[in-house]
Amino acid sequence: MWFRFFGFLALQFCAGLLGWQGAGHPGALAGVVLAGALWMLADMWRGARVMAWLRTGEASKAPQMQGWWGEVTERTRRWLRQTQQQTQLAETRLQEFLAAIQASPNGVVLLDPQGRIEWCNDIAAAHFGFDAQRDLLQQIGNLVRDPAFTAYAVDPDPVRGTVLIGRGSSVGRPLRLSVHLHPYGEGRRLLLSRDVTALEQAEAMRRDFVANVSHEIRTPLTVMLGFVETMQSLPLDEGQRERYLGFMAQQAQRMQTLVSDLLTLSSIEGGPTPSSSQWIGVHNLIAQCAREAEALSGIVTAGQPKPHALRFGPMPEGAVAGAQSELLSAMSNLVSNAVRYTPAGGRIEVRWQPLPAGRAEFSVKDSGPGIAPEHLPRLTERFYRVDPSRSRETGGTGLGLAIVKHVVQRHGAELRIESTLGQGSRFAIVFPASRLRLDDAI
Ligand code: ADP
C-alpha cells in the first residue's frame, strides 16, 4: 500500500519535473495532472479486468497482474477456489448421503415444516405410490389418504408408529407398512416406512399354529380328563375299568403322535441341510415302508371283509443321499396316508422308477376317495385337513404332508400331487440326479 502511494508520488514528481524543464510552471502542472490521469486510467483498466473476471466466477480464469491488483486477484482467486472446493465437497457428501438413504431397505421421506415432500427415496415412492420427481413439494396429506395416517400425523408418536395398507396392496399380494414420523430440524419431519407384510404374516402363522396345537392337544386331554373323573367318581367293575383305560391310552397315543410330529417338524425346520455324502439304500427305505404299511393296513381294515391290495414295485437298486430318518418319515407318511384314506379293498401301489436326466421318482398311488382340486394347493399346510374327522379317526395329526414338504425341499427334491375326486390320488417325490446313485454300494 505504501509502495503504491510512494510510486504514485514519484510518478507525479517525475512528470512535474519533466513538464517544468519543458515549459516552466504551467508545464509542471500539466505534467502532474497528466500523470495523475494516466495513473487513474491504468488503475481503472486493471480494476475493470478484475471485475470482468469476478463476474465469470471461475477461479481458473483469473487475469495475470502484478502489484496491488495482482495481489487482490491472487487472494480472491485462492478464496474462490477454496469456496468452490468446499461446495463441491459438500455436494459430494450430500449425494453420498442421499445414495445411502436410497439404498435403505426402508422408505424415507423428508417433509418440510408445511408437510410438503422435499425428497423421498424409491422405496418410499413404491410404498406410497409417489412419483419421486413429480410429487416433490406436494402435501403428504393429499397423497397418503389413509385415515389411519391422517390420525397419526395429527399426533405422531415416533416410537409407536402406525400400520397402513401400502399402495397397490391386493388380496394376492398384500402390502402392510409400518410408518413412523420423527421430528427434526426446525419443524421438519422424517417419515419412515417399513414393509411388515412378511412379519405380520409370520406372526399370524405363529398365532394360528399355537391355536391349532392347543386345539389338537385340548381335545384328547378333555377326553382323558373325562375318563379320569369317571373312574374317580364311579364304582366300576374290572371290564369297564379296562375299557376306559383303553380309551385313555388311545388319547395319550394321539397326543404322543402329535408331539412327535411337532418335534420332527421343528428339527427339520431348524436343522442343517441334510448331508449329500450319506447314502441310504433305496430298497431299505422301501422295505421299511412296506412293513409299516402292512401293519397299518391290518389295523385300518380289521373286521372288514376285504383288506387293501398293497403292491410294492420291484425292489430297486441304488441309493439316495440325505438324512435317513427324514427320508423314511416322508416316504412312510405318503404310504400311511394312502393306507389310512383308502377304504378296505382298495388298491395301493408304491413304486420307485428312474426318470430322464438321471432323476428318480418315489410314488404312492391309491384308489381312495381322491381330493377335490381346490384343496390341492393347501394340502402341505400345517393342520390342513380335507376330511378332519377321517384324519383324526385314523390317527392323523394334520402335519404329515407338511413334514413331507419340508423333507422334500431340504433334499432338493420335488413333491408332485395328482388327484381326482372319487378316483384316487398319486403322491410322488422326484429326487434330483445330484442326490442319486445307481449302484447299491453304500
Ligand atoms: P393327516 O394327518 O390329517 O393325514 P396330512 O398332512 O398327512 O395330515 O394330510 C393332509 C390332508 O390331506 C389329510 O387330512 C387328508 O384330508 C388329505 N390326504 C392326504 N393323503 C391323502 C390320500 N392319499 N387320499 C386322500 N386324501 C389325502
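Predicted model: local features only at pLDDT ≥ 70, side-chain atom pairs only at ≥ 80, totals over all residues.

How many aromatic pairs does a search of the whole structure find?

Modeller: Within it, a search of the whole structure finds 10 aromatic pairs. One of them joins Trp68 and Trp69, whose ring centres are 5.2 Å apart and whose planes stand at 80° to each other. Planes over 60 degrees apart count as edge-to-face, so the pair of Trp68 and Trp69 belongs to that kind. The surroundings of the two residues may be described in turn. Trp68 has a relative accessible area of 36% and is therefore partly exposed. For Trp69 the relative accessible area is 16%, and this residue is buried. The cut-off behind that word is simple: a residue is buried if its relative accessible area is under 20%.

A further aromatic pair is made by Trp352 and Phe431. Trp352 has a relative accessibility of 14% and so counts as buried. Phe431 is likewise buried, with a relative accessible area of 1%.

Ring pairs can also join into a group. Trp2, Phe5 and Phe6 are linked in this way into a cluster.

Over the ring of Phe209 sits the charged end of Arg382, at 4.8 Å from the ring centre. In the case of Trp279, the charged end of Arg437 sits over the ring, 4.6 Å from its centre.

The domain assignment divides the protein chain into domain 1 (2-98), domain 2 (104-195), domain 3 (200-271) and domain 4 (274-442). Taken over C-alpha atoms, the centres of domain 2 and domain 4 are separated by 50 Å.

The next topic is the empty space in the model. Rolling a probe the size of a water molecule over the atoms shows where such space is left. The largest pocket has a volume of about 900 Å³. Its lining comprises 40 residues, of which Asn333, Ser336, Asn337, Arg340 and Tyr341 are the closest to the centre of the pocket. Several elements each supply at least two residues of this lining, including helix H8 (282-300), helix H9 (324-341) and S12. H9 gives the most to the lining of the largest pocket, with nine residues. Sorted by class, the lining of this pocket has 15 nonpolar, 17 polar and eight charged residues. Why is the largest pocket said to lie between domain 3 (200-271) and domain 4 (274-442)? The reason is that both domains give residues to its lining.

The search of the whole structure finds one cavity of 30 Å³ or more, and about 40 Å³ of space lies in the largest cavity. Its lining is formed by Glu216, Pro220, Arg254, Met255, Leu258, Arg385, Gly396 and Thr397. Helix H6 (197-233) and helix H7 (238-270) are the elements that give two or more residues to this lining, and H7 gives the most, with three. The lining of the largest cavity has three nonpolar, two polar and three charged residues. Because domain 3 (200-271) and domain 4 (274-442) both give residues to the lining, the largest cavity lies between them.

Most residues other than glycine have a negative phi. Leu137, however, has a positive phi, near 65°, and is found in the loop between helix H3 (122-128) and helix H4 (140-143). With a relative accessible area of 55%, Leu137 is exposed. Ala357 is not a glycine either, and its phi is positive at about 65°. Ala357 lies in the loop between S9 and strand S10 (360-366). At 68% relative accessibility, Ala357 counts as exposed.

Definitions and conventions:
Residues numbered from 1 in each chain as written. Heavy atoms only, no water. 1 Å grid on protein atoms, 1.4 Å probe; cavity = no way out; pocket = protein on both sides within 12 Å on 5 of 7 lines; lining within 4 Å. Points joined across faces, edges and corners; volume = space filled by probe spheres on them. Helix = DSSP H or I, 4+ residues; strand = E, 2+ residues; numbered from the N terminus. Nonpolar A, V, L, I, M, F, W, Y, C, P; charged D, E, K, R; others polar. Domains from an automatic or database assignment. Phe/Tyr/Trp six-rings, centres within 6.5 Å; stacked < 30°, edge-to-face > 60°. Buried < 20%, exposed > 50% of the residue type's maximum accessible area, 1.4 Å probe, protein only. Lys NZ or Arg CZ within 6 Å of the ring centre and 35° of its normal.
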